[in-house]
Amino acid sequence: MEFRSLSQLNLHEDNAAVRVRILRLWRTMKPDGVQIHQLYMLLLDNEGTEMQGLVSSVNVPEFQPILQAGRIYVFRNFVVRSYHGHYRVSPSTRRICFGDDTLVEEVANAHDIPTYNFRFLAAADLPQAVHNHAYMSDIIGEVVAAGPEQALFEDVAVLRRKTVDLRLIDIENALLAIDYTLEEALGVSIISSIPELNMYKTDINNQGIYFIVDAQVKDVNIFWSPSRLKFMVQLNIHKGSDEVVVMFTTSKFRWIASRIIEGTDREWTQNFSILLESLRGQSFKLMVELGGFNQLTNEFDVVLRKLFW
């Protein structure tokens, strides 16, 4: 039997046969927490091409008992559909969708389809991956410290003795300590003073450019943006008499915003405010990006990506 490679599958095709290994298999649950809503698969063929697979809720009872991660299968009579969702585990924007007529046959294990497959992201490319929700990457490195957040991030000297070159706060609400140097960050950023940054943000050609600036946080404010329908965090940073406003949002605000407005999540809101309050008066190297051109002020928003110190 002739099999198609995943890279050869055409959108809406429904009569191909593929031979693939299920690298990963996971499920989402219905609101009752008992019934399986959908099955998701990460598939790999013998050419090294990855593609996601989906079994919808109506077909879960038929296919869930016969699918297992790590095994090789032949799939027939599936449909290839477009997939542009966030947090894909494969770069492909297509996926295999099972239907009532889909046929599944487990075949003998073989070494031409690897058991594991990774796409490692270099540390120097991490700044470019911030806020990129298209698909999830892999990273490999050495864990140099672990523990409660407060202890982990207060003892900078201990971390640096373990070759961590800086402390990094990922402002998508995840604190990280990784072997990631400021020199690597500078490789994708431009060192700038605040007056230069104020000049650059008025140039329409500078959209998406990253800058590194030394500054002290003068003030911190949180406000609701009716136009963006999300909370914004505004940092007023300065060095001497020069000032600039830097803003950022967190992905967590997107889904928790309604609860914050209703006041049902006051504890989380207060903790977040305490975190921001602790930044006031602190000096940092800030990685910022110019984005979101404001037609009223004729300048870009200065968006905070990372804090280094």
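These legends accompany several close-up views of a predicted model. Local features here need pLDDT of at least 70 and side-chain atom pairs count only at pLDDT 80 or more, while totals for chains, interfaces and linings use all residues. Residues are numbered from 1 along each chain as its sequence is written, and side-chain values use heavy atoms, with hydrogens and water left out.

**View 1. Asparagine 59 and its partner aspartate 100.** Let's start in the loop between β3 (50–55) and α1 (60–63), where asparagine 59 sits; helices (H or I, at least four residues) and strands (E, at least two) are DSSP runs, numbered from the N terminus. Asparagine 59 counts as buried because its relative accessibility is 4% (buried is under 20% relative accessible area, exposed over 50%, partly exposed in between; 1.4 Å probe, protein chains only). Its side chain makes a polar contact of 2.8 Å with that of aspartate 100 (a pair of N or O atoms within 3.5 Å; within protein, one must be able to donate a hydrogen and the other to accept it, and residues adjacent in sequence count only if both atoms are side-chain atoms). Setting aside neighbours within four places in sequence, asparagine 59 is in contact with Phe98, Gly99 and Asp100 (heavy atoms within 4.5 Å).

**View 2. An edge-to-face pair, phenylalanine 63 and phenylalanine 98.** The whole structure holds five aromatic pairs (rings of Phe, Tyr and Trp, the last by its six-membered ring, with centres within 6.5 Å; planes under 30 degrees apart count as stacked, over 60 as edge-to-face and the rest as tilted). In the pair of phenylalanine 63 and phenylalanine 98, the centres are 4.9 Å apart, with 75 degrees between the planes. Phenylalanine 63 belongs to helix α1 and phenylalanine 98 to the loop between β6 (94–97) and β7, so this pair links distant parts of the chain, 35 residues apart. Both phenylalanine 63 and phenylalanine 98 are buried. Together with Tyr73 and Phe75, Phe63 and Phe98 form one aromatic cluster.

**View 3. A stacked pair, tyrosine 200 and phenylalanine 211.** Here the ring centres of tyrosine 200 and phenylalanine 211 lie 5.0 Å apart and the planes meet at 15 degrees, which is why the pair is stacked. Helix α6 (residues 194–200) supplies tyrosine 200, and strand β11 (residues 210–225) supplies phenylalanine 211. Tyrosine 200 is partly exposed at 23% relative accessible area, whereas phenylalanine 211 is buried at 2%.
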